[in-house]
Structure formats: C-alpha cells, structure tokens
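Hi,

Here is the structure I promised to pass on. Have a look at it first, and then read on for what turned up.

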Amino acid sequence: MEYIDCNTCEQYMNAFIENKLVGEMLWQFLTHVERCPDCFEELEIRYLIAEALGRLENGEAINLHRELAHKIKATKRAMYFHYFNEDILRTLEIISMVIIVYEVFGFLSDFFGIVF
Ligand SMILES: [Zn+2]
C-alpha cells in the first residue's frame with residue numbers, strides 16, 4: 001500500500017477536522033499522522049483553532065489535546081473493525097461453501113449407497 005506524503009496529508013487536514021475524509025483517504029491520513037510528528041503538530045494546531053472557535057461561545061471546559069488523540073484512535077478503531085468484519089465475512093463464506101460441498105457429497109454417497 002502506498003502512503004501519502006506530508007503535502008498530501010496537509011491537504012487532507014481540514015477535511016479530516018470537518019469529518020469529510022472517508023475510506024482509503026482517511027486510512028492513509030490517519031496512518032501518516034500517527035507516524036509523522038510534524039503533521040500531527042500541524043493537525044493539532046488546526047484542530048485546536050477550529051474547535052476553539054466553535055466553542056468560544058458556550059465556554060465548555062475542554063481538553064482538546066486528549067480529544068484529538070481520542071478522535072484519531074476512535075476513528076481508526078472503527079476502521080479496523082470495518083476491515084476486520086470484511087475478513088470474517090469472507091472466511092464465513094468460504095466455510096459455508098466447504099460445508100455445502102461436504103453435505104452435497106455426503107448426500108450423493110448416501111443416495112447412491114441406498115440405490116445400488
Ligand atoms: Zn507528514
């Protein structure tokens with residue numbers, strides 16, 4: 001899998017903060033941010049500004065640093081779960097196909113065993 005560079009990562013930042021990043025792009029973005037301290041710092045600043053501006057009015061008690069870390073973890077966990085589920089479904093399909101084949105052969109041998 002090819003990973004994005006810092007320039008592409010920066011282009012994705014606003015979309016990520018606005019929850020508009022999805023799929024492969026989101027995965028690549030999160031992976032880059034986790035590994036690249038520069039981009040994480042840049043994202044943190046943008047996130048702080050965006051969130052702080054949004055919350056200035058209602059004066060909520062906030063810990064944005066922790067929230068950003070949580071947002072990254074939660075999003076990635078959700079994606080892991082998504083991919084994990086796809087793997088399980090594929091495995092179940094294969095297992096059920098094996099069972100069907102096994103039962104069909106079992107039926108055929110029973111059937112012919114009775115007839116002949
Ligand atoms: Zn970077």
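What percentage of the 116 residues of the protein count as buried? The figure is 9%, where a residue is buried if 20 or more other C-beta atoms lie within 10 Å of its own, exposed if 12 or fewer, and partly exposed in between, with C-beta atoms placed from the backbone.

Two notes before the details. This is a predicted model, in which local features need pLDDT of at least 70 and side-chain atom pairs count only at pLDDT 80 or more, while totals for chains, interfaces and linings use all residues. Residues are numbered from 1 along each chain as its sequence is written.

**Overall layout**

The protein has four helices and zero strands, and along the sequence the pattern reads α-α-α-α. Helices and strands here are DSSP runs numbered from the N terminus (H or I, at least four residues, for helices; E, at least two, for strands). Of the contacts in the protein with a separation of 6 or more, 61% are between residues 24 or more positions apart. Two residues are in contact if their C-beta atoms, placed from the backbone, lie within 7 Å.

**The core**

Nine residues form the largest nonpolar core: Cys-9, Tyr-12, Phe-16, Phe-29, Leu-30, Val-33, Cys-39, Leu-43 and Tyr-47. Such a core is a set of buried Ala, Val, Leu, Ile, Met, Phe, Trp, Tyr and Cys residues joined through C-beta atoms within 7 Å. H1, H2 and helix H3 (37–55) are the elements that give two or more residues to this core.

Leaving out residues up to four places away in sequence, Cys-9 touches Ile-4, Phe-29, His-32, Val-33, Cys-36 and Cys-39. Tyr-12 lies in helix H1 and counts as buried because 21 other C-beta atoms are within 10 Å. Tyr-12 and Leu-26 are 14 residues apart in sequence, and their C-alpha atoms are 8.4 Å apart in space.

**How H1 packs**

H1 and H2 pack at an angle of about 110 degrees, and their axes are 10 Å apart. Axes are lines fitted to C-alpha atoms, for helices over the stretch in contact, and angles run from 0 to 180 degrees between N-to-C directions. H1 and H2 are therefore roughly perpendicular to each other; angles under 35 degrees count as roughly parallel, over 145 as roughly antiparallel, 65 to 115 as roughly perpendicular and the rest as oblique. H1 passes H2 in a left-handed crossing, meaning that the near helix is turned anticlockwise from the far one by less than a right angle, with clockwise giving right-handed. Cys-9, Tyr-12 and Phe-16 of H1 make this contact with Met-25, Phe-29, His-32 and Val-33 of H2. By class, the contact of H1 with H2 has six nonpolar, one polar and no charged residues. For these classes, Ala, Val, Leu, Ile, Met, Phe, Trp, Tyr, Cys and Pro count as nonpolar, Asp, Glu, Lys and Arg as charged, and the others, Gly among them, as polar.

H1 and H3 pack at an angle of about 25 degrees, with their axes 10 Å apart, and that makes H1 roughly parallel to H3. Their crossing is right-handed. From H1, the residues Cys-6, Cys-9, Glu-10, Met-13, Asn-14 and Ile-17 meet Asp-38, Cys-39, Glu-42, Leu-43, Arg-46, Tyr-47 and Ala-50 in H3. The contact of H1 with H3 divides into eight nonpolar, one polar and four charged residues.

**Other residues to look at**

Asn-19 sits in the loop between helix H1 (6–17) and helix H2 (23–35). Asn-19 counts as exposed because it has 10 C-beta neighbours inside 10 Å. Its phi is near 60 degrees, a positive value in a residue other than glycine.

Ala-52 belongs to helix H3 and, with 11 C-beta neighbours inside 10 Å, counts as exposed. The C-alpha atoms of Ala-52 and Leu-64 are separated by 8.5 Å, with the two residues twelve apart along the chain.

Ala-69 is in helix H4 (residues 64–115) and counts as partly exposed, with 13 C-beta neighbours inside 10 Å. Ala-69 and Glu-44 are 25 residues apart in sequence and 9.2 Å apart in space, C-alpha to C-alpha.

Best wishes
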